[in-house]
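The account below takes the pockets in turn and ends at the ligand.

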Amino acid sequence: MRILAIETSCDETAVAVVESSGTFPEVTLRVLGSALHSQVAVHKEYGGVFPAVAKREHAAHIVPLLEETLRQAGMLQTEYKSLVGEREKFSALFSHEPGLADVLCMFLSRIAIPDIQAITVTAGPGLEPTLWVGINTAKALGQYWNMPVIAGNHMEGHFLSSLVREEKINGVELPALGLLISGGHTELVLMKEWLQYQVIGSTLDDAVGEAFDKVARLLSLPYPGGPEISKLAEKARAQNVESTFTLPRPMATSGDFQFSFSGLKTAMLYTVQKIEEMTDEHRLMLAREFEDAVADVFVTKVHAALATTGAKSFLIGGGVAANTHIRRELEKLVHEKFPEVTLYLPHLSITGDNAVMMAGSALMHLESGDMPKGGDIRADGNLSLS
Ligand code: KG4
Ligand code: ZN
């Protein structure tokens, strides 16, 4: 089965075509085409994502990305079709983006229907104005190509991202614990039954990626701050620069699976304010100490969660799952304390927001015989996993 996925929940516009083969649970996924445009350069000057700007950017890039993805998949065949009667339907879907309706209409009128069986689109969580760009595009394609459109959950995409690889999935041993760490979320999720989720812990305030980004600003590092802090912290470790600063490990001993990162950010602010003149050496130490504090919190919480739930698999996903130190520390935890648990780490190309993970999760549902409920797809900024 082949599916086309569209992701526009935040500041990456992404399209992918993924193919599944085999019989569930022995399914193999293959990425046939994948194109992504990051808006980081646009949002850099504001130090964060502005929904109205993000929406405009998605609308400007989605059709070229669609074309590029189909081209990579070998599905871009020229075939001229009449659009009589179609334009009105498109305009109704894109009342806020007449320009996009025209561009999409023109594109579809000159290509043959691609060899795919369904379309999936992220319905939430995320920024509602940007989600709608993807949803309306997916609906227009579904209507025009006469194919089902399936609503996807962005967090499920991150949860399953480590399983989207070109080898047999072979069924994940359950229960499976997932640590979802991104710019918008920090969650511990339990999957007791295949594709059934229970959020057992989340952040009381900032998400971990948000904390990385805010702390990076305090250190005068560019946005997004996660990779910048990570680079400095790795450099500090390589050069044996030990931190003389101490930051808290928030909620590490709270006895539950909740997280909190705003106190850590405030502690960093006070620490930075006490430094008379910030040097590169200070930055190395602070980046290392901050990353150590975050990694310690994750190791403590995951340790407790694996022990309490008796999970047989542990999956990590989300933008922050690209962090070398966090990956290494969690790997060490599983290796030393839970050798019976299988650890799944996502490929670095799909830790951040992407459409490949969305295609993968829709295919896992479809291949498991779990046909999605029909009905109108609407953007839901707070869509939850449980
Ligand atoms: O999953 P994602 O692309 O978007 C959301 O759904 O939020 O995550 C983006 C977040 C940003 O906060 C970014 O700073 C962080 O992931 N990030 C990292 C690293 N790479 C990206 N944080 C720490 N270390 C990294 N290497
Ligand atoms: Zn995300």
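**Pockets and ligand**

The lining of the second largest pocket divides into 15 nonpolar, 11 polar and seven charged residues; here Ala, Val, Leu, Ile, Met, Phe, Trp, Tyr, Cys and Pro count as nonpolar, Asp, Glu, Lys and Arg as charged, and the others, Gly among them, as polar. This is a predicted model, in which local features need pLDDT of at least 70 and side-chain atom pairs pLDDT 80 or more, while totals for chains, interfaces and linings use all residues. Residues are numbered from 1 along each chain as its sequence is written, chains are lettered from A and ligands numbered from 1 in the order in which they are written, and side-chain values use heavy atoms, without hydrogens and water.

A pocket is an open set of points, on a 1 Å grid over the protein atoms alone, where a 1.4 Å probe fits, with protein on both sides within 12 Å along at least five of seven lines; lining residues have an atom within 4 Å of a point. In the second largest pocket, I150, A151, G152, P372 and K373 lie nearest the centre.

The largest pocket has a volume of about 1,100 Å³, the space filled by probe spheres set on the grid points, joined across faces, edges and corners. Its lining comprises 41 residues.

Ligand 1 sits in the largest pocket, meaning that more than half of its atoms lie within 2 Å of the pocket's grid points.
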